[in-house]
Amino acid sequence: MDVELTVLNLSSARFECTFGRGCEGICCRNGRPMMYPEETARLDGHLPEVLETLRPAAKALVSSQGYLSRRRKAGLPLVRVAEGWCVFFHQGCVLHQRGLKPAACALFPLSKDEHDNWYVRQKGYKGEIWDLPCLDPDSSTLPAGQSLVREIALAATFS
Ligand code: SF4
């Protein structure tokens with residue numbers, strides 16, 4: 001898949017998702033992704049089946065108060081957290097399996113800087129504050145240009 005997208009530090013960045021291979025999915029711990037209206041509309045159509053897959057505490061919270069909190073980022077509502085984890089986390093992302101994952105998560109670790117330029121989040125780059133092992137370029141030898149092909153293709157659809 002050849003995608004034309006400029007990603008500032010792509011040539012030097014390294015990234016390897018190790019979920020299920022030592023990582024328990026800590027990027028979803030206290031994960032509060034923002035959701036676009038079209039994403040919530042799609043999710044709402046699948047909510048009954050999604051509810052059945054949630055952790056008990058998350059199911060109770062979403063059933064009584066919904067999956068969006070009053071918190072906002074860039075004007076968009078954020079997903080709720082139950083027991084310290086995103087309500088949609090249950091041994092992995094239950095939305096991922098259904099193709100309903102919010103773009104904010106599907107793009108990770110790509111992000112945009114204040115000048116609207118895409119970059120790979122990396123420890124020591126652009127003041128990265130999230131102390132995740134996978135954001136440390138020293139934790140892998142895998143070039144981000146290889147591991148992030150799908151994420152870069154998705155980002156290109158937003159550019
Ligand atoms: S929506 Fe899925 S990928 Fe995003 S934080 Fe929640 S569980 Fe993790």
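Domain bounds here come from an automatic or database domain assignment. For the protein chain, that assignment gives domain 1 (1–17 + 108–159) and domain 2 (28–100). Color each one, then check the gap: their centres, taken over C-alpha atoms, are 24 Å apart.

Before going on, know that this is a predicted model, where local features need pLDDT of at least 70, side-chain atom pairs count only at pLDDT 80 or more, and totals for chains, interfaces and linings use all residues. Residues are numbered from 1 along each chain as its sequence is written.

**Stop 1: the core.** Select Val79, Val87, Phe88, Leu110 and Val120. These have the most contacts inside the largest nonpolar core, which has 33 residues. (A nonpolar core is a set of buried Ala, Val, Leu, Ile, Met, Phe, Trp, Tyr and Cys residues joined through C-beta atoms within 7 Å.) Helix 3 (56–65), strand 2 (76–79), strand 6 (118–120) and helix 6 (149–158) each give it two or more residues; helices (H or I, at least four residues) and strands (E, at least two) are DSSP runs, numbered from the N terminus. Strand 6 supplies the largest share, three residues. Both domain 1 and domain 2 give residues to this core, so it lies between them.

**Stop 2: valine 87.** Look in the loop between strand 4 (85–86) and helix 4 (103–106). Is valine 87 buried or exposed? It is buried, because 29 other C-beta atoms lie within 10 Å; the cut-offs are 20 or more for buried, 12 or fewer for exposed, and partly exposed in between, with C-beta atoms placed from the backbone. Among the residues valine 87 touches are Leu54, Ala58 and Val79, not counting residues up to four places away in sequence. (Contact means C-beta atoms, placed from the backbone, within 7 Å.)

Stop 3: Now pick strand 1 (residues 68–73) and strand 2, which pair in the antiparallel sense over three bridges. (Strands pair if DSSP finds at least two bridges between them.) Leucine 68 has valine 79 of strand 2 as its bridge partner. Two residues sit between the strands of this hairpin, where alanine 74 takes a positive phi near 50 degrees.

**Stop 4: threonine 157.** Jump to helix 6 to find threonine 157.

Terms used. Contact = placed C-beta atoms within 7 Å.
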